[in-house]
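Please open the model in a viewer and keep the sequence panel at hand.

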Amino acid sequence: MWRHGRTSWNATGRFQGQVDVDLDDTGRAQAHAAGRRLASLRPDLVLTSDLRRAADTAQVLARLCGAPVQVDPRLRETHLGDWQGLTLEEVRASFPGEVEAWSRGESVRRGGGEAEDAVAARVAAAVGDALRGSVPGATVVVVSHGSALRVGIGGLLGLDQAHWKALGALSNCRWSVLAENGPSWRLAEHNAGSLPEQVLGDDA
């Protein structure tokens, strides 16, 4: 589960939501650096949001490893309604109650946008459909957005929604690794910039 590279809105602290903002120069460099590491996983499929910042990040990896790219709009970022385009300071001034509830981990339709459980459901559905169309044991790199990936991971792991905030945010071009664990999923890496290593010790 790989977050896209940096955009100018990331750099200036603006909520993007589903506004289609391009990668900036730093974001493109991040995508190339991270893509070289992820290519060593030899992914069978690169599954991406259709928003340009994610799709362009995905194309970098696809060119490096030769994997096919599949675009799925269900992997778009959470729609943030009236928060989109605003800085956190501007949001605090206009929506103080929403910001307080969101900070406490409550389910809030930020700016009148999407509910997090709906986002988690669509992300999980996109991942599930892609895996059902892949060979058993396939490695799929999912390229999406910070909020969508965080709640999607929480949903896939079966965590209660109240605990999704326990998953820290993903930095630009960092990833989380989910591995099959019988009928469920196990979180092997989170907000990582390195590849998973074999666990040696008493907690394997």
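Predicted model: local features only at pLDDT ≥ 70, side-chain atom pairs only at ≥ 80, totals over all residues.

Residues are numbered from 1 along each chain as its sequence is written, and side-chain values use heavy atoms, with hydrogens and water left out.

**Helix pair.** Select residues 116-132, helix H6, and residues 146-156, helix H7; they pack at an angle of about 75 degrees, with axes 8 Å apart. (Helices, H or I of at least four residues, and strands, E of at least two, are DSSP runs numbered from the N terminus; axes are lines fitted to C-alpha atoms, for helices over the stretch in contact, and angles run from 0 to 180 degrees between N-to-C directions.) H6 is therefore roughly perpendicular to H7, a term for angles of 65 to 115 degrees. Next, display the contact (heavy atoms within 4.5 Å): among its residues are Val 119 and Val 123 of H6 and Val 151 and Leu 156 of H7.

**Strand pair.** Move to E5 (residues 175-181) and E6 (residues 184-192), which pair in the antiparallel sense over six bridges; pairing requires at least two DSSP bridges. Pick Ala 179 to find its bridge partner in E6, Arg 186. Two residues lie between the strands of this hairpin, where Gly 182 takes a positive phi near 70 degrees.

**Pocket lining.** Finally, which strand supplies the largest share of the lining of the largest pocket? E5 does, with six residues.

Methods: Parallel < 35°, antiparallel > 145°, perpendicular 65-115°, else oblique.
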